[in-house]
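Student: I have a model open here and would like to talk through parts of it with you. Could we begin with the strands?

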Amino acid sequence: MRIALAKESEPGEARVAMVPELVGGLITAGYEFAVQPGAGQGAMITDEAYAAAGATITEDALQGAELIISVQPLPPELVADLPPGTATLSFLPYSHDLEVVRIRRDARVTSFAMDLVPRISRAQSMDALTSQAMVAGYRGAIVAAGMLRQFFPMSMTAAGTIPPAQVVVLGAGVAGLQAIATARRLGAVVKGYDVRPAASEEIASMGAIAIELDLPPLDGAGGYAREMSPERALLQQQRLTPYLAAADAVITTASVPNRRPPILITRTMTERMKPDSVIVDLAADTGGNVEDVRPGTVTRVGQARVWGGANVPSQLPGPASRLYAQNVANVIMLMTADGRFAPDYGDEVVAGMCLTRDGMITHGPAASLID
Ligand code: NAD
């Protein structure tokens, strides 16, 4: 029974879905593990390291594999050629591209989406959205500190005192809280804002000041935020403006499941920011929290610079791969019984992650978007 580790095909993707440290556990569980040559290259993991862990390195790794693992979805032409019943495990952000679903259904592939792991306590160790958001939040704070041409911490020296940087973090989910914690560790004074009322306590527990805008709460299903009405969005923008005008660095991380992220900062708001201030938009890949942000680009707006994140977790490929691989290994172990790959579709986590199977779309929301 073979698990294959695919070499990522998407440009700019440096992560890899499995790390050598975790291969031994999969072999002990009863699997043969095959790796496409160079799969770990982006994360600086050599073929030799996988081989030393007991993996077979071969161009034909995917042939005869029962399960193929990757970070990004496998390319369509490869999926179309897979034998029916082959299982794949990767991120499958179908709401941006429904072809991802159609191709897997038509190829009769069993596809499991790492982004569909239910947000329940039992599944926390498999939750790759959380692990990768944590990496992105850390990176966001480091980028802001690197771009800002001043100190994050207060410095008291014989030559005088340098005041600390004022940082505002918008969106205090996993990425936002990690950005707050990192900016605090670097010594900045941090304020945080989120539409979910529960977030205020979490922001305070990280040593930051929770911004209260006196707006109605926007809690939705499963602890996620709901989309805002245009009137509420406008009011939120107006009330955030003075906080942004006083900030040296702003990090935005807000998103709403299966929707375009909300615009929290308009061009006018950016134009009112201080000279040499910076905005780091971690939501840029999916549309952005900052008006006109471009992923992978630094744009000057007024006197501020706006950094648009592009596949931010991949910018720290070592730790991002290590955490993703642990999530993947935990999913595989959940789907293993008596040394065999045997997903139990009665299990809430397995069923929740399954996007296509036996020529059917098994995930309700995806099915409702396609005929
Ligand atoms: P996310 O990536 O969907 O969104 C990031 C944050 O943006 C959220 O906190 C959201 O409330 C916020 N946001 C949305 N619209 C906003 C707006 N207009 N202004 C300001 N902020 C806005 O969220 P996430 O990081 O995945 O976490 C969402 C929730 O799920 C949190 O409560 C988190 O604790 C919870 N969670 C639970 C589990 C689990 O139980 N396994 C795992 C991860 C997260």
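Tutor: This is a predicted model, and in it strand β12 (residues 249-252) pairs with β13 in the parallel sense over four bridges.

Student: Which residue of β13 is the bridge partner of Thr252?

Tutor: The bridge partner of Thr252 in β13 is Asp281, and Asp281 in turn has Gly308 as its bridge partner in β15.

Student: And how do β13 and β15 run, and how many bridges join them?

Tutor: They run parallel, with four bridges joining β13 to strand β15, which covers residues 304-308.

Student: Which way do the residues of β13 point, and are they buried or exposed?

Tutor: In β13 (residues 278-281), Val278 and Val280 point one way while Ile279 and Asp281 point the other way, and all of them are buried.

Student: Switching to α1, which of its residues are buried?

Tutor: In helix α1, which spans residues 20-28, the buried residues are Pro20, Val23 and Leu26. Viewed down the axis of α1, these fall within an arc of 90°, so they line one face of the helix.

Student: What do they pack against?

Tutor: The buried residues of α1 pack against β1 (2-5), β2 (32-35), α2 (47-52) and α10 (317-334), and just after α1 comes Gly30, with a positive phi of about 120°.

Student: Now the ligand: which residues come nearest?

Tutor: Of the 32 residues around the ligand, the nearest are Gly171, Gly173, Val174, Ala225 and Ala254, and the elements giving two or more residues to this shell are α5 (128-147) and α6 (174-185).

Student: How does the shell divide by residue type?

Tutor: The shell around the ligand divides into 19 nonpolar, nine polar and four charged residues.

Key: Residues numbered from 1 in each chain as written. Predicted model: local features only at pLDDT ≥ 70, side-chain atom pairs only at ≥ 80, totals over all residues. Near = placed C-beta within 6 Å. Nonpolar A, V, L, I, M, F, W, Y, C, P; charged D, E, K, R; others polar. Buried ≥ 20, exposed ≤ 12 C-beta atoms within 10 Å, placed from the backbone. Arc of directions from axis to C-beta. Contact = placed C-beta atoms within 7 Å. Pairing = 2+ DSSP bridges.
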